[in-house]
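Please read the following report alongside the sequence and the model shown here.

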Amino acid sequence: MAAPQHVRAAPLARALRATATATATATASVPVPVPVPAGIKSQGTSRRALLGLSEPQLRQLAIDLGQQSYRGKQLHDLLYKSRAKQIQEFNHVPKAFREALLGAGWSVGRSPVHHAVTASDGTTKILLKLEDNRLIETVGIPVDDDNKGSSRLTACVSSQVGCPLRCSFCATGKGGFARNLQPHEIVEQVLAIEETFKHRVTNVVFMGMGEPMMNLKSVLEAHQCFNKELKIGQRMMTISTVGVPNTIKMLASHKLQSTLAVRSCGRRLFLAPSLTPWEH
Ligand code: SF4
């Protein structure tokens with residue numbers, strides 16, 4: 001994505017109040033609807049991904065596969081603490097459980113790094129090769145806060161393969177649109193950045209390839225996983241949009257404590273009924 005020339009940011013709850021008809025507050029957090037483990041099949045992939053599932057979902061999956069509930073907790077630790085990349089690495093669970101997972105079509109849902117390049121300021125762009133051989137881009141941006149002696153690491157994550165919105169300034173848009181990313185394909189971007197930097201991600205911006213508001217279900221599930229499983233504060237996350245009609249109220253109804261950034265690219269954007277912003 002090309003760097004936007006102008007960004008207006010507002011807490012999601014404030015964005016909702018601005019629509020006059022809504023009632024969001026910035027204090028409560030409503031769980032994002034999440035998929036039931038059984039029956040999940042990723043768009044663009046042939047297997048079902050464990051990554052992105054919560055501990056209750058993993059416990060239920062264990063029970064569904066004839067195991068005791070605590071085996072789901074073990075899966076959770078393997079995914080989010082040990083960061084296992086393949087079910088074959090699940091040494092702490094019985095072989096029969098590993099085989100049951102594989103037999104039911106489950107995978108961890110991690111993709112190999114295809115290429116990575118680091119700029120002089122430490123910003124690192126990582127290309128991940130998805131199961132269907134498509135490439136997505138994710139960027140890690142390190143910032144040292146000299147005054148506090150702390151450091152931040154921001155992950156700029158993609159939400160789609162390509163983008164249907166074709167903003168004139170943007171290389172991603174010119175390349176066309178292939179498909180939406182599944183939740184695990186968004187989550188794994190943060191894990192790839194943490195492994196590259198050997199540092200936990202402190203901030204997430206949904207500002208990579210694609211328009212997050214056109215893949216809102218996956219974005220919300222990934223947002224929830226970042227918050228609940230990876231312990232990234234909601235206030236440390238920003239969802240960026242060029243403006244897609246009817247989606248801001250939908251997003252705000254989830255009462256997230258994150259920020260909504262609206263990119264205007266130096267030109268006035270109007271929300272046309274066709275789902276595509278047009279410039280004036
Ligand atoms: S909405 Fe799509 S085309 Fe527009 S800037 Fe973002 S990625 Fe590029």
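Which residue in β10 does T154 stand opposite? T154 stands opposite N203. The model is a predicted one, in which local features need pLDDT of at least 70 and side-chain atom pairs count only at pLDDT 80 or more, while totals for chains, interfaces and linings use all residues. Residues are numbered from 1 along each chain as its sequence is written.

The chain holds eight helices and 14 strands, where helices (H or I, at least four residues) and strands (E, at least two) are DSSP runs numbered from the N terminus. Two strands pair if DSSP finds at least two bridges between them, and β7 takes part in the two pairings tabulated here.

| Strands | Direction | Bridges |
|---|---|---|
| β6 (residues 135-145) and β7 (residues 150-156) | antiparallel | seven |
| β7 and β10 (residues 203-206) | parallel | three |

Around the ligand lie 12 residues, of which C163, L165, C167, C170 and G173 come nearest; a residue counts as near if its C-beta atom, placed from the backbone, lies within 6 Å of the molecule. This shell comprises seven nonpolar, three polar and two charged residues, with Ala, Val, Leu, Ile, Met, Phe, Trp, Tyr, Cys and Pro taken as nonpolar, Asp, Glu, Lys and Arg as charged, and the others, Gly among them, as polar.

Of the 280 residues of the chain, 41% count as buried, that is, 20 or more other C-beta atoms lie within 10 Å of their own, with C-beta atoms placed from the backbone.

Key. A residue is buried if 20 or more other C-beta atoms lie within 10 Å of its own, exposed if 12 or fewer, and partly exposed in between; C-beta atoms are placed from the backbone.
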